[in-house]
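Good morning, and thank you for the time. I would ask you to look at the sequence and the structure together while I go through them.

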Amino acid sequence: MMGLNFRELPDLVRKLQKMKVDGIYFQPIEPIYNSRQTFPELKKSALWIPPKDKNEALRIVNELIALKQAGAPIINEKSNLEDLKDYFELRSEDKRIHPKKCEIDLSNLFLVPDGSISFCGTYPAIGNIKKDRIYAALSSPFATFLRKRIRNCGMIKTCMSTCKINKSLFQQARMFLMLNK
Ligand code: SF4
């Protein structure tokens, strides 16, 4: 989701529903991974939702929530869609509850097209499946070092990757059932 495409999302959901797609997971635009782009720089770019479009974007997010509540195949939890309003600063009061520490390394593992294995795209890879066994990469001294850095990551307040948001056991179970029906 970003400034250039947010208007198309409800129609996209309706189209996917007609196609009987299992689900769609919305991911808000973030600073480019493994780059020097900062969050303030992203907010100045054309990819961010500009102030003149905030009311429209708020209406669109509410429409997505209504679609989800009506049974559309949106995987994001309602609370996650609500968080989008604060992430894009669509309402005056920020209602997000920020986790104090990131625990991405306990719940996610990314395998990217070049074979890299990583906990989070913001940090270096812990190995590569072309040459490393995943268990060895996960338990290496470098992985232990990164886990400590992740636990104290300074981006915790702005990080909004939907794949990285802490999910309750209930949310994880729902997602599992939805993707395996
Ligand atoms: S808060 Fe966690 S998921 Fe977000 S950038 Fe930091 S380590 Fe990665």
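Let me begin with a question: in which loop is Lys 20 found? The answer is the loop between α1 (9-18) and α2 (39-44). Please bear in mind throughout that this is a predicted model. The phi angle of Lys 20 is near 60°, a positive value in a residue other than glycine. Most residues other than glycine have a negative phi. Lys 20 counts as exposed, because 7 C-beta neighbours lie inside 10 Å and the limit for an exposed residue is 12 or fewer.

A second residue may be set beside it. Glu 89 also has a positive phi, near 55°, and its place is in the loop between α4 (78-87) and α5 (104-107). Glu 89 has 14 C-beta neighbours inside 10 Å, and therefore counts as partly exposed.

I turn now to the overall division of the chain. The protein is divided into domain 1, residues 6-98 + 157-179, and domain 2, residues 104-151. The C-alpha centres of domain 1 and domain 2 lie 26 Å apart.

Next, the nonpolar cores. The largest nonpolar core has 11 residues in all, including Met 1, Phe 6, Val 13, Ile 60, Val 61, Leu 64, Ile 74 and Phe 88. The most is given to this core by helix α3 (residues 54-69), with 4 residues. A second, separate core has 8 residues, among them Cys 102, Ile 104, Ala 137 and Ile 150.

Setting aside residues up to four places away in sequence, Val 61 touches Leu 81, Leu 84, Lys 85 and Leu 90. The other is Ile 74, which is found in the loop between α3 and α4. Is Ile 74 buried or exposed? Ile 74 is buried, because 23 other C-beta atoms lie within 10 Å and 20 or more are required. Beyond its neighbours within four places in sequence, Ile 74 is in contact with Val 13, Ile 24, Leu 64, Leu 67 and Lys 68. Ile 74 and Gly 23 are 51 residues apart in sequence, yet their C-alpha atoms are 5.5 Å apart in space.

Let us move to the strands. There is an open sheet of 3 strands in the order β1-β2-β3, with antiparallel pairing. Its edge strands are β1 (110-111) and β3 (127-128), each of which pairs on one side only. Strand β2 (residues 116-118) and β3 pair over 2 bridges in the antiparallel sense. Opposite Ser 116 stands Asn 128 in β3.

Which residues does Gly 115 contact, leaving aside its neighbours within four places in sequence? They are Asn 128, Ile 129 and Lys 130. Gly 115 has its place in the loop between β1 and β2. Gly 115 is partly exposed, with 13 other C-beta atoms within 10 Å. Gly 115 and Pro 50 are 65 residues apart along the chain, and their C-alpha atoms are separated by 36 Å.

Finally, the ligand. There are 10 residues around the ligand, and those that come nearest are Cys 102, Cys 120, Thr 122, Cys 153 and Cys 159. By class, this shell has 8 nonpolar, 1 polar and 1 charged residues. Cys 102, one of the nearest residues to the ligand, is also included in the second core.

Thank you for your attention.

Note on methods. Residues are numbered from 1 along each chain as its sequence is written. This is a predicted model: local features need pLDDT of at least 70, side-chain atom pairs count only at pLDDT 80 or more; totals for chains, interfaces and linings use all residues. A residue is near a molecule or strand if its C-beta atom, placed from the backbone, lies within 6 Å of it. Ala, Val, Leu, Ile, Met, Phe, Trp, Tyr, Cys and Pro count as nonpolar, Asp, Glu, Lys and Arg as charged, and the others, Gly among them, as polar. A nonpolar core is a set of buried Ala, Val, Leu, Ile, Met, Phe, Trp, Tyr and Cys residues joined through C-beta atoms within 7 Å. Two residues are in contact if their C-beta atoms, placed from the backbone, lie within 7 Å. Two strands pair if DSSP finds at least two bridges between them. Domain bounds come from an automatic or database domain assignment.
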